[in-house]
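Okay, thanks for coming, everyone.

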Amino acid sequence: LKTKEKCAITGLPAKYRDPVTGLPYANLEAFKIIREQHMHNAESLLEAKSTVGNQKESCIPAPAEEADGLVSAEELGRLDSCDQIRDILKDSQLRELVRQVDGSKNRVKALEEAMRDPRFAELADLIAAAIGD
């Protein structure tokens, strides 16, 4: 990180950058606040979108350029607008499982274990279909 960057929460010099939000942070407490706010915002967006319309549409992927394994803005848009993903994420236990994988120190192992859950595997399939993998 650039030494002049400041933590988005504390204003202290940032030592790290959250790979999900891209925000710089100084310590574990700031990281937790960033992630909690990110999850709150994501859940609020899903709730707002679900009240706008209940049309059931399939998630039809369009080709998108890959950028070092990152999801493009276009792909994020398809994920965000996919009613099937929104519906499956209404399951609070599945959302908690996603949080556990995301917060795990060994995400690969946590992901492998989570894939044993049929609901998580279905979510992974929906995500892959939505982004065209």
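Quick definition first: axes are lines fitted to C-alpha atoms, for helices over the stretch in contact, and angles run from 0 to 180 degrees between N-to-C directions. Also, this is a predicted model, so local features need pLDDT of at least 70, side-chain atom pairs count only at pLDDT 80 or more, and totals for chains, interfaces and linings use all residues. Numbering starts from 1 along each chain as its sequence is written, and side-chain values use heavy atoms, with hydrogens and water left out.

Helices here are DSSP runs of H or I, at least four residues, numbered from the N terminus. So, how do helix 4 and helix 6 pack? At an angle of about 75°, with axes 10 Å apart. That makes them roughly perpendicular, a label covering 65 to 115 degrees. In contact terms, meaning heavy atoms within 4.5 Å, Gln93, Leu94, Leu97, Val98 and Val101 of helix 4 meet Arg119, Phe120 and Leu123 of helix 6.

Now helix 4 and helix 5: their axes cross at roughly 155° and come within 8 Å. This pair is therefore roughly antiparallel, which means over 145 degrees. On the helix 4 side you have Leu97, Val101 and Asp102, and helix 5 brings Arg107, Ala110, Leu111 and Ala114.

Leaving out residues up to four places away in sequence, Ile88 touches Leu94, Arg119, Glu122, Leu123 and Leu126. Okay, that's me done.

How values were computed:
Helices (H or I, at least four residues) and strands (E, at least two) are DSSP runs, numbered from the N terminus. Angles under 35 degrees count as roughly parallel, over 145 as roughly antiparallel, 65 to 115 as roughly perpendicular and the rest as oblique.
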